[in-house]
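Subject: Structure for you to look over

Dear colleague,

I am passing on the structure we spoke about, and below it you will find an account of what came out of the analysis. Please read the account with the coordinates open beside it.

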Amino acid sequence: MRLLLALLLPFTVFFTIGKPFQGIFCLLLQFTLIGWIPAAIWAVYALSNWRTDQKLKKYQ
């Protein structure tokens, strides 16, 4: 579900993983059509890092 959000509304992913300042910056980046693609890539990257961090915390 979050992956779909990362592609359609990238800024919402940052709010769901607890990074509101990055979410606001991502929203500003999305205001331009050209900025939408980098924002989506950034959101998918941040989401994958968040999942990895969650897995590492689970095993510690």
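The secondary structure of this protein amounts to 4 helices and 0 strands, and, read from the N terminus, the order of elements is α-α-α-α. Please bear in mind throughout that this is a predicted model.

Overall figures first. Along the principal axes, the C-alpha atoms occupy a box of roughly 40 × 20 × 15 Å. The protein has 60 residues, of which 27% count as buried, and it exposes about 4,500 Å², with carbon and sulfur atoms supplying 74% of that area. As for the contacts in the protein with a separation of 6 or more, residues 24 or more positions apart account for 47% of them.

Two packed helices are described by the angle between their axes and the distance between the axes. Here the axes of helix H3 (residues 20–30) and helix H4 (residues 33–59) come within 8 Å and cross at roughly 150°; since angles over 145 degrees count as roughly antiparallel, H3 is roughly antiparallel to H4. On the H3 side the contact is made by Gln-22, Phe-25, Cys-26, Leu-29 and Gln-30, and on the H4 side by Gly-35, Trp-36, Pro-38, Ala-39 and Trp-42. Sorted by class, this contact of H3 with H4 has 7 nonpolar and 3 polar residues, and no charged residues.

Which residues of H3 are buried? They are Gly-23, Cys-26 and Gln-30, and, seen down the axis of H3, the buried residues fall within an arc of 65°, so they line one face of the helix.

Within H3, Gln-30 deserves a separate look. Gln-30 lies in helix H3 and has a relative accessible area of 7%, which is under the 20% cut-off and therefore makes this residue buried. When its neighbours within four places in sequence are left aside, Gln-30 is in contact with Leu-9, Pro-10, Phe-11, Trp-36 and Ala-39; Trp-36 and Ala-39 are also among the residues that H4 brings to its contact with H3.

At the other end of the list of elements I went through three residues of helix H1. Not counting residues up to four places away in sequence, Ala-6 touches Val-13, Ala-40, Ala-43 and Val-44. With Ala-40 in particular, the separation is 34 residues in sequence and 5.7 Å in space, C-alpha to C-alpha.

Leu-5, also placed in helix H1, is partly exposed, with a relative accessible area of 26%. Leaving out residues up to four places away in sequence, Leu-5 touches Pro-10, Thr-12 and Val-13. Leu-5 and Phe-15, which are 10 residues apart in sequence, are 11 Å apart in space from C-alpha to C-alpha.

Leu-4 has its place in helix H1 as well, which covers residues 2–8. Leu-4 is partly exposed, with a relative accessible area of 48%, and this value is not over 50%, so Leu-4 does not count as exposed. The C-alpha atoms of Leu-4 and Val-44, which are 40 residues apart along the chain, are separated by 9.3 Å; Val-44 is also one of the residues that Ala-6 touches.

Terms used. Residues numbered from 1 in each chain as written. Predicted model: local features only at pLDDT ≥ 70, side-chain atom pairs only at ≥ 80, totals over all residues. Heavy atoms only, no water. Axes fitted to C-alpha atoms, helices over the stretch in contact; angles between N-to-C directions. Helix = DSSP H or I, 4+ residues; strand = E, 2+ residues; numbered from the N terminus. Parallel < 35°, antiparallel > 145°, perpendicular 65-115°, else oblique. Contact = heavy atoms within 4.5 Å. Nonpolar A, V, L, I, M, F, W, Y, C, P; charged D, E, K, R; others polar. Buried < 20%, exposed > 50% of the residue type's maximum accessible area, 1.4 Å probe, protein only. Arc of directions from axis to C-beta. Areas by Shrake-Rupley, 256 points an atom, 1.4 Å probe, with all protein chains shown as cover.
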